[in-house]
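I opened the model to look up a few packing details. My entries follow.

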Amino acid sequence: MTNKILLCEILNFKCLRERYPDKRIKLRYNKDFGTYSFAKEYENEGLKGEGFYEQLYATYDNSGDRRFLDNDIVFQFIEIKPKSWLLVEVGIIVDFAGCKKDDWFYAKANSLAEYESYLGRVIVDKQNDRNSFYVEPAITDKVAVTEVLSKTYLESAETFSGYDNVSKSYGVLKRILNTSEWWNPLREIYGVYVITDRATGKQYVGSAYGDDGVAGRWTVYLEKGYDKFRNETGEYPNKKLRELVEKKGIGYVQEYFQYTLLEIFPKTEPGKRKALEREIHWKKALQTKGEFGYNAN
């Protein structure tokens, strides 16, 4: 029988304890709550996403319950699938009282740079219990590593594998469209796409036929949530999207919008004509010009 690979061996807990004899190692398993999903936020924005870091170090609310102490070295995990927990952050608490955000608080922590290469790559198996953290060495030193990814979890999940299954949330699209792996192939084609509001089910159908193809068109949407440029009549081509952003803010788009590629065409004049023809078809098919959608024309 193959011996388990232990987290304490890979991350050298022995050396860490020798270096910080007055501190304790804490393994923190961040469980989703309400509609908040740690995995979703991580996939959308990464560790530096707005609010994600604060949620990892959320320490107590007005009830006074504390999650961290000033002598904690915290290894932060999120659940990416049942019983599989990904290491996303290692930090040493410097102020458990931390900072206030709305009606709750989060601790201040300094990330330990020596663990940066492990973040987003180490996956562990968690005991089948309801505990959200462990500090006892008898438990922390027996946690088994199930996998060490060759690429980070985010890099592995977002490899471009063709045009057939391109459907991304706002946050994911914003992150990956900045990479050549996604920008280059999406730039090289015209296309018809649908934007879906996951909160209401309403959709917007559009076509891309500019110099930068689908990549350029989607970049415009990522900037403000709608096409900010007027057409020749002085009207905005996506009036309803603009009205939605003005009413609910760009944060609504960032949380709920999904971008899906329906059809692709070559970057030629016939390809442009075909994209415009198929845009009309999909608007009718999905009924996006009425109560079910955001198309105004």
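Which residues does Phe257 touch, not counting residues up to four places away in sequence? I found Lys168, Ser169, Tyr170, Ile195, Thr196, Asp197, Arg198, Leu241, Leu244, Tyr252 and Tyr294; contact means heavy atoms within 4.5 Å.

I am working with a predicted model, where local features need pLDDT of at least 70, side-chain atom pairs count only at pLDDT 80 or more, and totals for chains, interfaces and linings use all residues. Residues are numbered from 1 along each chain as its sequence is written, and side-chain values use heavy atoms, with hydrogens and water left out.

Sheet. I looked up the strand order and found an open sheet of four strands, β10-β13-β11-β12, with antiparallel pairing. Strands (E, at least two residues) and helices (H or I, at least four) are DSSP runs numbered from the N terminus; two strands pair if DSSP finds at least two bridges between them. β10 (167–169) and β12 are the edge strands, each with a single partner, so one side of each has no neighbour in the sheet. The twist averages 20° from one strand to the next. I noted eight bridges between the antiparallel strands β11 and β13. Asp197 stands opposite Phe257 in β13.

Core. I then checked the largest nonpolar core, which has 29 residues. Such a core is a set of buried Ala, Val, Leu, Ile, Met, Phe, Trp, Tyr and Cys residues joined through side-chain atoms within 4.5 Å; buried means under 20% relative accessible area, exposed over 50%, partly exposed in between (1.4 Å probe, protein chains only). Leu186, Trp218, Tyr221, Phe257 and Tyr259 have the most contacts inside this core. Its largest share, five residues, comes from α9. Apart from it I found another core, of 25 residues, including Leu87 and Leu119.

Helix pair. α8 (residues 180–187) and α9 (residues 213–224) pack at about 115°, with axes 4 Å apart. Axes are lines fitted to C-alpha atoms, for helices over the stretch in contact, and angles run from 0 to 180 degrees between N-to-C directions. I read α8 as roughly perpendicular to α9, a label for 65 to 115 degrees. On the α8 side, the contact uses Trp183, Leu186 and Arg187.

Leu119. I located Leu119 in the loop between β6 (104–111) and β7 (122–125). Leu119 counts as buried because its relative accessibility is 19%. Outside four places in sequence, Leu119 contacts Leu87, Val88, Glu89, Val90 and Thr152. Val90 is 29 residues from Leu119 in sequence, and their C-alpha atoms are 8.1 Å apart.

Key
Angles under 35 degrees count as roughly parallel, over 145 as roughly antiparallel, 65 to 115 as roughly perpendicular and the rest as oblique.
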